[in-house]
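Biologist: I would like to go through this model with you, one region at a time. Could you begin once it is on the screen?

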Amino acid sequence: MQPLADNVAPIEPSAQLWERLNRTLSVAKHSVWRRYWDDIRFWRITCGTVASVALLLSISPAVKLGTSPPPPRFVVVLASPQDMSPGWLLQVGADRKLRLIPLKQEPMQTDKALQLWTKADGWSGPVSLGLLKAGVPVEVSIEKLPPLLPNQIFEITLEPPQGSPIGRPTGPILSIGRAVAT
């Protein structure tokens, strides 16, 4: 394009054009935003603020927004002892919440209840984690239990409507599984 520009004679801008350019430039030069834009202190403060926020977000997990919950620390697939078909998925996360998710719908007797139990090596006996409803997900706090261990047993038994009367499983085991650390 330069050879074409060399063939054209230069034109001197008019006085009105120079005045308009000067007015536009002086307004822009004196605008508040332009003063900040050209001020090194503005950029130092802005960069310092952005760096501080980035550092805070990177070291403080409580401040992070939109993060997913931590992955489960333990996972158990509770399967039927008869045919080894999975019936429930149990997850325990760092928040010490046990989440029990049904994997299939099972018929339930009206005069019976499902009860969830757990036992780890060294415990004197199984501990009840409560009654369940067939096919309904459950979330249970396990704060009162000792720390969960790999290979810990979880089982679901069929019990009377109010649960086991003796504090130990009395009915048949419907699903059983062992905890695996993730």
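Modeller: Tryptophan 33 lies in helix 3; helices (H or I, at least four residues) and strands (E, at least two) are DSSP runs, numbered from the N terminus. This is a predicted model, in which local features need pLDDT of at least 70 and side-chain atom pairs count only at pLDDT 80 or more, whereas totals for chains, interfaces and linings use all residues. Residues are numbered from 1 along each chain as its sequence is written, and side-chain values use heavy atoms, with hydrogens and water left out.

Biologist: Is tryptophan 33 buried or exposed?

Modeller: Tryptophan 33 is exposed, with a relative accessible area of 51%. Buried means under 20% relative accessible area, exposed over 50%, and partly exposed in between (1.4 Å probe, protein chains only).

Biologist: Which residues form the nonpolar patch on the surface?

Modeller: The patch consists of Val32, Trp33, Tyr36, Trp37, Ile40 and Trp43, which together have about 650 Å² of accessible area. Helix 3 (32–37) and helix 4 (40–59) are the elements that give two or more residues to it, and helix 3 gives the most, with 4 residues.

Biologist: What are the criteria for a patch?

Modeller: Patches are made of residues with over 30% relative accessible area and no salt bridge; like charges are joined within 9 Å, and nonpolar side chains (Val, Leu, Ile, Met, Phe, Trp, Tyr) within 5 Å. A salt bridge is a side-chain nitrogen of Lys or Arg within 4 Å of a carboxyl oxygen of Asp or Glu. Accessible areas come from the Shrake-Rupley method with a 1.4 Å probe, and for residues only the protein chains shown count as cover.

Biologist: Let us turn to the strands. How many bridges join strand 2 to strand 3?

Modeller: Strand 2 and strand 3 run antiparallel and are joined by 5 bridges; two strands pair if DSSP finds at least two bridges between them. Glutamine 91 stands opposite arginine 99 in strand 3. Strand 3 also pairs with strand 6, in the antiparallel sense over 4 bridges, and there leucine 98 stands opposite valine 140.

Biologist: Which residues of strand 3 are on the covered face?

Modeller: Leu98, Leu100 and Pro102 make up the covered face, while Lys97, Arg99 and Ile101 are on the uncovered one. In a regular strand the side chains alternate between the two faces of the sheet.

Biologist: What about phi in the hairpin of strand 2 and strand 3?

Modeller: That hairpin has 4 residues between the strands, and arginine 96 takes a positive phi near 60 degrees there. Arginine 96 is partly exposed, at 21% relative accessibility. Asparagine 151, in the loop between strand 6 (138–141) and strand 7, also has a positive phi, near 75 degrees. Most residues other than glycine have a negative phi.

Biologist: Next, serine 80. Where is it found?

Modeller: Serine 80 is in the loop between strand 1 (74–79) and strand 2 (86–92). Serine 80 is buried, at 11% relative accessible area.

Biologist: What does the side chain of serine 80 join in a polar contact?

Modeller: The side chain of aspartate 83, at 3.3 Å. A polar contact is a pair of N or O atoms within 3.5 Å; within protein, one must be able to donate a hydrogen and the other to accept it, and residues adjacent in sequence count only if both atoms are side-chain atoms. Leaving aside neighbours within four places in sequence, serine 80 is in contact (heavy atoms within 4.5 Å) with Ser85, Leu174 and Ser175.
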